[in-house]
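Visitor: I would like to learn how to read contacts and helix packing in a model. Where do we start?

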Amino acid sequence: MNLRFPLMIGAVLTALALQAWTGLTIPSKSAQSALVSAVAATVQPGDEVAYLPGWEQQWALSIARHLPDHTQRLGRDDLLRPFDRLWLFESADSPGPDFALQPGVRVLEEVVKGGLSVRLYEQQRALEPLAYPQLKKCRLTKAQRRCSDASGRIQTTELAFDGRFAWGQKITVKSDVMTLIFQGEPGATLIGGMGWTGHGVRHAKGGVSVQWQGSQASGHALASRAGLKPFRVVSNSQGQVQLKITLNNWKDGEFAVSSGWVK
Amino acid sequence: MNTFSAANRRVAGVLGLAYMLALLLAQTQTGVTRDEGYYFKAAREYSGWFRVLVQDPKRAFTAKEIDRHWSYNHEHPVLMKVLFAASNGLFHEALGLSSEVTAMRLPGIVMSALGVALTFLLGVGLCGPAVGWLAALFLATSPRYFYHGQMACFDSAVTTMWLAVALAWLYREGHHFRLGVVFGLAIATKHNVLFFPILLLCHWLWIHRERIVGGFRAGRADGADGWVLPSIPWWVFFMGLIGPLVFLLHWPYLWPDPVGRIGWYFGFHLHHEHYPVRYFGQSLWSPPFPRGFPFVMWAITLSLPLVVAMVGGLVEALRRLGSDLWWGHQPTDARTAFMVLNLLIPVVLIASPSVPIFGGTKHWMNALPFGCVLAAQFCLPVILRLANNRRALIAPLIAVIVLPGALSTLRAHPHGIGAYTELVGGLRGAADLGFQRQFWGGASRPLLEKINTEARQGAVIFCDRTNEDTFLAYQRDGLLRSDLRFTLQMGKAHWWFAFHQPDSDWVLSAIRMRRDSSLVAVEDLEGVPMVSLYKRKGS
């Protein structure tokens, strides 16, 4: 009999317990909708909304119904850049980052209902939730969504990282070196994430080195998989941060940056 | 091997029938997949040849007529597709007893039910009814077997046919011709069974290992030719001759140029394209794929008791085989080795980094019945100890062991292709870890009603992974309004589907970035989205 008996009894009991636990922690769709609709009463123009887990479309559906005019963050990767005011909806089984621990961020409102919660965060030091880089003389803006030159192209778009998403810039490097400049205020900090897109990591043909240059120079080691790796760079005396991507003897590398400015 | 009593055969029949009814009922909610759309079309085209055969038999055998009717979807043999056509012709077109989708699916459903019945018989043959029952129920309550069992596809059918060949081989004495025919029908179902002879070769080498190795030793010792090949059994000739003959005869497309067309068929599958798979948050698009893929996928898509018992059963079997090897025993009964090979060979093939892994767990599903039997063997002493000679307790104990699998099956329906079980925290846990839950565009079915109700006359639908053949099948069955139109061009659509899977990430992004799109419905399981429906504002 040896191990067989405890193994099987343990497997059956564990399985039944996990079935019960995963069954009992499913968020209720009506509770999600009620929470979003409750926010609709106090939301202000310009407030951003986000939900976790980022894959859960029921949050998106409720937001589309009750808060159609508010910009949505697309999940965890999209929360690396700063915000002014952000409503963050969370399911009990997917808690998000506690922004209140960050300097200059405070919680203005919090509602917890049946395992679901929403917090309204305000970041007092935010200058620009989405930063727009420039390539040579072409600077991206809200209206100008694409720039290109011989070294490559940049485009403000929704970025895809193997099932995770964020807003930011897709960077396609067409030559050995590509340099982008982020223009902010002197002493401001550019924060966000940078890394491979899903497409980029799949089609990478060689090594890459990434360098940030603001008030100081710093390297940025890319992860081996798609997704954004956080960074924080203080601008130089002209208010600039430079991003330099160097491909080691290959072309058409595709990367993503999602960032914003804070004081 | 035990013989099957009349009572055991009746139980197998009842089990199969009950499972067939459950699948028939379940499939009324399960969406039509891309491949089903292709096979429906193939079935209708092949039907045309049979009509010609009745009207003008001589013309039916001309190369022109054969190519006209059999050229479509010639990358797969046609046994199942001909059965789909026959079922559709009888139950839908002639008798009007069922919808087209149900009629087309019926042969696959029957095959899946037969798989459960045969698993019962394999368990009975090896160890008796209790193992048979538990093994059959382990298989029946495997969420992804239940899903594939509903399809007009080949995956559950080839699982059953592989099992049928194994049983025919185990019960081959006096029935070599039957073994050859069953093998032929199996390779006429899907190419997976072409690996069965490799399994038999491995098994033959295992059985004769002492003689083969001893032959080498004798040759070295006395300098003579001591090595003598063990005699080749008769069944090899029956399988080797009748099998290919059945395969050739069943597929008219091969007749005009058998060598060339069979060569193309092998070439196609040797160089099969790869479709992306999301695995631990990474999209795997091309080889090399992780060797652990099939092992991990089974661990997180089969119920925990089945996983534990299967591993236990395998370890126990390997220990027995190791002991035989160590002590030089030559057991006359080599069933343990046969079972282990049936479990491992399909899995090990998929673990090879260059073999296509798309579609979840279906590519090595033919190993599952053997895993279920080994698992049931492992569980049997536990059940007997707990029952403590009270026979009435055996059935409830078996029910408790298979309950987690049944719950996962129920929770994942009708999107069982995306089922995940306890080890990964169920559906939501798998989504958090970045596992794939959709492949072939079937998930859109539950959202058709919304489009039927709300879409304006002649609205254009972008269906993403749901293909046009499926769209048309829904319309023929009245599941989708006939005035609605299919498009592949996003810009022309009034409604958009976006599937949550690697090759549709760009679709989701493209639709979300449109200023005129609005999310209107989500088809999900426990909050995990399968497909989202967007509508053009103001349309």
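Guide: Two residues are in contact if their C-beta atoms, placed from the backbone, lie within 7 Å. This is a predicted model: local features need pLDDT of at least 70, side-chain atom pairs count only at pLDDT 80 or more, and totals for chains, interfaces and linings use all residues. Residues are numbered from 1 along each chain as its sequence is written, with chains lettered from A and ligands numbered from 1 in the order in which they are written.

Visitor: How many residues of chain A are in contact with chain B?

Guide: 34 residues of chain A touch 43 residues of chain B. H1(A) gives the most to the chain A side, twelve residues. Helices (H or I, at least four residues) and strands (E, at least two) are DSSP runs, numbered from the N terminus.

Visitor: How is helix packing described?

Guide: Two packed helices are described by the angle between their axes and the distance between the axes. Axes are lines fitted to C-alpha atoms, for helices over the stretch in contact, and angles run from 0 to 180 degrees between N-to-C directions. In chain B, the axes of H18 (residues 368-387) and H19 (residues 394-412) come within 9 Å and cross at roughly 130°. H18(B) is therefore oblique to H19(B); angles under 35 degrees count as roughly parallel, over 145 as roughly antiparallel, 65 to 115 as roughly perpendicular and the rest as oblique.

Visitor: Which residues in H18(B) meet H19(B)?

Guide: Cys379(B), Ile383(B), Leu386(B) and Ala387(B) of H18(B) meet Ile394(B), Leu397(B), Ile398(B) and Ile401(B) of H19(B).
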